[in-house]
Amino acid sequence: MKNENLYNYILGIADNSLILGQRLGELTGHGPSLETDIACTNISLDLFGQVRSYFQYAGKIAGDGRSEDDIAMLRKERDYKNVLLVEQPNTNFAYTIGRQFLFDAYHLAFLKELQKSPDLTLSAIANKCVKEVSYHERFSSDWVRRLGDGTEESREKMQEAINDLWMYTDELFHQTDADKEVVEQGIGVDVTRLKDTYYNYVGEVLEEATLVVPESKYFHKGGKNGIHTEHLGYILAELQYMQRAYPNMEW
Amino acid sequence: MHSMTTTDQHIDEILMPILETVSDPEIPVLSIMDMGVVRSAIIIDGKVKVEITPTYSGCPAMDVIGDDIKKALKDAGYDSEVDLILHPAWTTDWITPRGRKALEDYGIAAPLEAEADKDVLLHGKRIVKCTNCGSQNTRLVSQFGSTACKAQFQCEDCQEPFDYFKCLK
């Protein structure tokens, strides 16, 4: 493939949205209340829509007839490049919200930079997504504050979720070799430069939520290079079932 | 990609009445022209080339809208091709005044300006007008509603629940 680095770079962005979208989709009919159920699945729908734009573009770059669906459904676990954070289970509403907020804060900062990319397709997708993700971030940060600054029980659960998910945040700012190449070409976003702003902002929200910023300095990594937690296999088993059982089926 | 840097619409006058018959499948009272999702429609060598832009990335209505446009044009004697474009990104500013009225009549409160929208969705300010009784004593129930573009509200006076079309800029 002529532009393999760009192809992999785009998959790195899209896989985060795909896997998080799938996780949120699990809440269809299972959210803690009707409103939050609808909110989580709406966010899921936005993410899937964004993924389609990215994969359509990646398919064009691959240039070998691979469709957006092929890219989404027919890769093996090791070929998914999402960060470990987004594959973490829903566990309870505090975890769902904690995972969402820790990702949204990154996602929004990332898209604001991607809007400036000289690659016109990527900047067009980013322009579109940034509006949607602003709503996601409002929703998730609002709930972090509500649960943190809520009852004793909700505060305890929110803190526990943040503590457990914290070790997956550092990976957001790692770069694969392909990422570095695309950043050097001036097309990609240098995520290492978003890190300080991210932790400052997340710290502010946690403080408003009367929560404590975890002190742990141990962080997990690997997702971006295809080394995942055990959760991803189960997610893919569900996500890919129809295409694996009935190859090339269409609605 | 056509019209990369402009927010202008390019619609052939002859096609206007045909396209106006196509409605948003989620909001049947609203024509896709009043919704502002058709960015260009031109005739090249007898074939119509249409460009539409999604309101939200994941909007499932776009596929249906594309098919409905082709059908309406076919019925009027035109072959057509419908492309989805992402740039410039759709904004609620492109909903026409007639579109806003159609929304209100249908029971969906039309989008406020960006700042007011933020006050409503984030700070619980009560300014969205109830589509049933007109009272502004309305409460945000959820920032997300029955479709990605709407939030759920309830009127504290007449108790009617209704949708609010969120500002997107």
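Q: Does R100(B) count as buried, exposed or partly exposed in this predicted model?
A: R100(B) is placed in helix α4 of chain B. A residue is buried with 20 or more other C-beta atoms within 10 Å and exposed with 12 or fewer. R100(B) has 18 C-beta neighbours inside 10 Å, so this residue counts as partly exposed.

Q: With which residues is R100(B) in contact, leaving aside its neighbours within four places in sequence?
A: Contact here requires C-beta atoms within 7 Å. L112(B) is twelve residues from R100(B) along the chain, and the C-alpha atoms of the two are separated by 11 Å. Leaving aside neighbours within four places in sequence, the contacts of R100(B) are I95(B) and A110(B).

Q: In what order do the four strands of the open sheet in chain B stand?
A: The pairing in this sheet is mixed. Strands β2 (residues 38–44) and β3 of chain B pair in the antiparallel sense over six bridges, whereas β3 (residues 47–52) and β4 of chain B run parallel and are joined by six bridges. The order of the strands in chain B is β1-β2-β3-β4.

Q: Which strands stand at the edges of this sheet in chain B?
A: The four strands form an open sheet. A strand at the edge has a single partner strand, so one side of it is left without a neighbour in the sheet. In chain B the edge strands are β1 (10–11) and β4 (79–84).

Q: Which residue of β4(B) is the bridge partner of E51(B)?
A: E51(B) belongs to β3(B), where it is the bridge partner of S40(B). In β4(B), the bridge partner of I52(B) is L84(B). For E51(B), the partner in β4(B) is D83(B).

Q: What angle does the direction of helix α3 of chain B make with that of β4(B)?
A: Strand β4(B) is joined to β3(B) by six bridges. Helix α3 (residues 61–75) packs on the sheet and touches both β3 and β4 of chain B. Its direction and that of β4(B) make an angle of about 160 degrees.

Q: Which residue in the turn between β2(B) and β3(B) has a positive phi?
A: The two strands form a hairpin with two residues between them.

Q: Is Q159(B) buried or exposed?
A: Q159(B) lies in the loop between β7 (150–155) and β8 (161–165) of chain B. Its phi is positive, about 75 degrees, although Q159(B) is not a glycine. With 10 other C-beta atoms within 10 Å, Q159(B) is exposed.

Q: What is the omega of the peptide bond from H87(B) to P88(B)?
A: P88(B) is found in the loop between β4 and α4 (97–106) of chain B. The peptide bond that leads from H87(B) to P88(B) is cis. Its omega is near -5 degrees.

Q: What distance separates the centres of the two domains of chain B?
A: Chain B is divided into domain 1 (10–94) and domain 2 (107–165). Seven residues of domain 1 are in contact with six residues of domain 2. On the side of domain 1 that touches domain 2, three residues are nonpolar, three polar and one charged. Taken over C-alpha atoms, the centres are separated by 28 Å.

Q: Which element gives the most residues to the side of chain A that touches chain B?
A: The contact takes 22 residues from chain A and 18 residues from chain B. The side of chain A has ten nonpolar, five polar and seven charged residues. The elements that give two or more residues to this side are α2 (34–62) and α6 (120–148) of chain A. The most, twelve residues, come from α6(A).

Q: Which residues touch the most other members of the largest nonpolar core?
A: This core has 118 residues. Domain 1 (10–94) and domain 2 (107–165) of chain B both give residues to the core, so it lies between them. The residues that touch the most other members are I10(A), Y54(A), L85(A) and L19(B).

Conventions:
Residues are numbered from 1 along each chain as its sequence is written. Chains are lettered from A and ligands numbered from 1 in the order in which they are written. This is a predicted model: local features need pLDDT of at least 70, side-chain atom pairs count only at pLDDT 80 or more; totals for chains, interfaces and linings use all residues. Domain bounds come from an automatic or database domain assignment. Two residues are in contact if their C-beta atoms, placed from the backbone, lie within 7 Å. Ala, Val, Leu, Ile, Met, Phe, Trp, Tyr, Cys and Pro count as nonpolar, Asp, Glu, Lys and Arg as charged, and the others, Gly among them, as polar. Two strands pair if DSSP finds at least two bridges between them. Axes are lines fitted to C-alpha atoms, for helices over the stretch in contact, and angles run from 0 to 180 degrees between N-to-C directions. A nonpolar core is a set of buried Ala, Val, Leu, Ile, Met, Phe, Trp, Tyr and Cys residues joined through C-beta atoms within 7 Å.
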